[in-house]
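Student: Please take a close look at one part of this model. I would then like to see that part set within the chain as a whole.

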Amino acid sequence: MAGVVRESAARESAVFDLAAAQEALDAQPFSRLVQARITEFGHGAATLEIDIREELLQQHGFVHGGVLSYAADNTLTFAAATALGPAIVTGGFSIQYLRPAVGRTLRARAEVVQAGRRQAVCRCDLTVIGAEGEERVCAVAQGTVLPLNGPAGGNGEG
């Protein structure tokens with residue numbers, strides 16, 4: 001991870017800590033609905049967790065794919081925020097579902113693969129933690145995150 005994330009002096013002032021990251025997450029109504037929490041944030045990475053409960057399941061008893069996609073999208077974006085600052089949006093992402101998500105906690109861990117002035121590319125592993133504490137990968141994702149107002153000196157049009 002070292003040497004992958006580039007930060008200018010201007011971006012360093014925009015980087016925020018775990019408490020500010022949780023505050024930003026709590027500002028999203030859907031994040032409050034699923035009761036998501038940021039458990040790790042910084043140094044090109046972020047971790048988001050959601051306790052699995054009945055309201056988040058689909059008809060076969062697995063965590064709904066939309067919840068997995070939400071977790072991947074937000075975690076990719078929070079990881080990118082460590083490199084680009086908090087004013088960012090998802091440019092796009094893909095997700096592959098590997099096995100049914102069944103357990104007590106959904107955990108999404110994302111890290112920056114490469115960051116520049118115009119974008120950050122990140123990857124994310126989604127795991128479920130079982131009753132005995134065992135962790136199994138259920139999906140993987142990769143995405144691109146963009147500065148909300150474009151690169152420094154840009155006109156904000158994308």
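**The cysteines and their setting**

Tutor: Cys124 counts as buried, its relative accessibility being 2%; buried means under 20% relative accessible area, exposed over 50% and partly exposed in between, with a 1.4 Å probe and protein chains only. The model is predicted, so local features need pLDDT of at least 70 and side-chain atom pairs count only at pLDDT 80 or more, while totals for chains, interfaces and linings use all residues. Residues are numbered from 1 along each chain as its sequence is written, and side-chain values use heavy atoms, leaving out hydrogens and water.

The structure holds zero disulfides (pairs of cysteine sulfur atoms within 2.5 Å). Cys122 takes part in none, its nearest cysteine sulfur being that of Cys124, 9.3 Å away. Cys124 is likewise in no disulfide, and the nearest cysteine sulfur to it belongs to Cys122. Cys122 is also buried, at a relative accessible area of 0%.

Of the contacts (heavy atoms within 4.5 Å) between residues at least 6 apart in sequence, 64% join residues at least 24 apart.
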